[in-house]
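Please examine the sequence and the model shown below.

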Amino acid sequence: MPVESDFAFAADIERKLRSILFPTKRPRAPERGVIGIVYRSTGSRRSTLLLSELIYAEPGDVDWKSDVGLLFSKNYKSRAVSIASTRKRAGLIFIHTHRARLDGLPPEPSDEDYAADQRDLYFLGQDLSDGAPLVAGIVDDNFNWTVREYEFTCPMTVADARSRGPKYRLKNMRFCEGIRIWSNQLTLKDTNRSRRDRHRISQSTIHMTDSSIHMWGEEGQELLRRIRLGIVGLGGVGSILAEHAARLGVRDLVLVDFDRLSKDNFNRSQGATRLDFLLRRHKVKVAARLARKSAVNKDIQIIEIIGSVVEKDTIRHLLDCDLILNASDSPWGLQVLDQLAHAHIVPVITGGTIIKGKKQTGTLMSGKCEVTLSNPGVLCLECAGSYNRSGVTEAMEAPNVRGPRRYLDVPDDPGAVDTELERAPSVIATNGLVASLMLLRLQALIVGTTTDAINGIQRYHLLEGSLYWAVKTQCDVTCARKETVGLGDAYALPTGIDQDYKYARKAEPKNIVMRCFQFLGDFVAELRA
Amino acid sequence: MAAQADLSELPDAFVTGLNALRQRDCHDAEVVLVEDNFAWILLQPVDLEQLGLPFKEKSCLLFARAPLTFPNADPYGIATVPLLHRVDDAAIDRLHASHQHITNLAKKPGYADIGFWSWEWKNMRKDMPERLGDLFVWALKRLREEK
């Protein structure tokens, strides 16, 4: 059951909200309002209410009267209900404005606000699907928010429904603790009910991050400290990202990978020792150890998830994150994360390298590093060409029928096409380059260091030694991603069973004795080598 | 005939596609086997003689293998019971009498004599779940060995 509660929306909604609620040209009533459609995004620790769409008011739909305050017309409310009731798991939010408080704190609901929330939401909620979020929000002139979600008990009989007012049916009211607004940059606002640690960064951290603070100030450093960052794939690129994120001042990390260290991947695993691969330690464990050792925040919190990004159990943990760095190159993983970025409004920065070399002569045939951002309103990873459905289909197959592009070296099935494993070469220097480009993009998004270098595909061509931006910056006209923005749990992500992880689980030694034998065998082989 | 899989366990979009298939060409289409990320769908019996297809067998049961995440991934492969043979005894391109994809399907009662036709359905439109309704037309294309 998630204990944290957030409210989030994307750039497009922010723009619309500002134009409806804070118009610059028209004369403004003391309070303005709008009704929106909300969906829930449920992580393992955090539940986020996503504002997905605004229902535009017609003339006379929103009226302010000095004696009663702001009123939404019956017609407007019924239109909102009829839209939400046709959509799976859609709820409603009533938003209105308050004047900004002199102390700069987020707006406080008045007694009239509470009464109106309960009255409207209780009755309108009857026509929505079970569990649909019923929400009320107040926003002030400084775009500070207070958002609260209501839960009501359901009347058991008609007489029961008529006999008592909605206030007797209130089961629970919960304030959102944080507000995330993703436009070109992240705006992270605390409400005055925040559970998050709101203490300023410690003096010791300030000393350690002094050179960074010169660039983005203590406020920027505070933002970096407050985000929860997911890192998917703790191999060559991901292990560097984990260390650098901790040094950058990120305090809350979620690390995801199912793979273990081995002789094959040791050469590019930052922070790994020979003992780590002899003990076949999980990459997340080694990366977490490295991040803890490198952290400028003493109180760094790391969640280690041994799992696959294409499986539901892992996704829950990624939905707790504010931003995800993806360093895994599975096309299926890219597809899931791309769709997650849009449906749950959690941007994903993805990076990788493709190198083709001639082993015999040691020459580089071709190679490029690529870093792309997937975020509502900008180019999605599918339109960017980061993955295609044919590659996704192949990744869904068992490794022994997958052919040369499979990740694990497993014996071929007799019926399958017989191919030799041709794992793509990987070079630690390009991993460093990709990790740096990804972290620069993260800095741009969080602290706004390079606001012109946020969207699009950035490519480094190894043969030419040139770094440039791809021409394509917008999705294809037929792209379906924009239809899924903010749908949260109502949108089914294309998850399934990761065949590589399934194989890896099967290959695990069954008990401690087997594990010891395996370790001893590897140890002796290492000594001989 | 194999028992149908529990549809409540399948993703909504896949069930929408299956219903589209039933409404369009295959009224009795059913999921006979779910293996990890893919499902085997029994489309319908096909009268090969009536269709003028050059096989020694007069009819067959036609199956298609579709991803559970359709339309986010491509269908891959079809199967026939029994294994088909051309009248001129010529080999059929990428037809396997034994293949990992049909190992479990072949274990179902009555499906031991089975053939797997390897085929990537690259140009099939996959913009909405209802496109799964095109499955039968595409499977026939493979039987006709159209490229």
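Two residues are in contact if their C-beta atoms, placed from the backbone, lie within 7 Å. Axes are lines fitted to C-alpha atoms, for helices over the stretch in contact, and angles run from 0 to 180 degrees between N-to-C directions. Helices (H or I, at least four residues) and strands (E, at least two) are DSSP runs, numbered from the N terminus.

This is a predicted model, in which local features need pLDDT of at least 70 and side-chain atom pairs count only at pLDDT 80 or more, whereas totals for chains, interfaces and linings use all residues. Residues are numbered from 1 along each chain as its sequence is written, while chains are lettered from A and ligands numbered from 1 in the order in which they are written.

**Sheet in chain A**

- Eight strands of chain A form an open sheet with mixed pairing, in the order 14-13-12-15-16-17-18-19; two strands pair if DSSP finds at least two bridges between them.
- Strand 14 (301-305) and strand 19 (466-469) of chain A are the edge strands, each pairing on one side only.
- From one strand to the next, the twist averages 15°.
- Strand 17 (residues 363-374) and strand 18 (residues 457-461) of chain A run antiparallel and are joined by five bridges.
- Opposite A:Val371 stands A:Gln458, in strand 18 of chain A.

**Helices across the sheet**

- Helix 11 (residues 331-343) of chain A lies across strand 12 (228-232), strand 15 (323-326), strand 16 (348-358) and strand 17 of chain A, and runs at about 155° to strand 16 of chain A.
- Helix 9 (residues 283-294) of chain A lies across strand 13 (252-256) and strand 14 of chain A, with an angle of about 170° to strand 14 of chain A.

**A:Ile206**

- A:Ile206 belongs to helix 5 (residues 203-208) of chain A.
- Is A:Ile206 buried, exposed or partly exposed? A:Ile206 is partly exposed, because 16 other C-beta atoms lie within 10 Å; a residue is buried at 20 or more such atoms, exposed at 12 or fewer, and partly exposed in between, with C-beta atoms placed from the backbone.
- A:Ile206 and A:Glu222 are 16 residues apart in sequence, and their C-alpha atoms are 9.8 Å apart in space.

**Chain B**

- Chain B contains four helices and six strands, which follow the pattern α-β-β-α-β-β-β-α-β-α along the sequence.
- The radius of gyration of chain B (taken over C-alpha atoms) is 14 Å, close to the 15 Å that the globule rule (2.2 Å times the number of residues to the power 0.38) gives for 147 residues, so chain B is as compact as a globular protein of that length.
- Of the 147 residues in chain B, 37% are buried.
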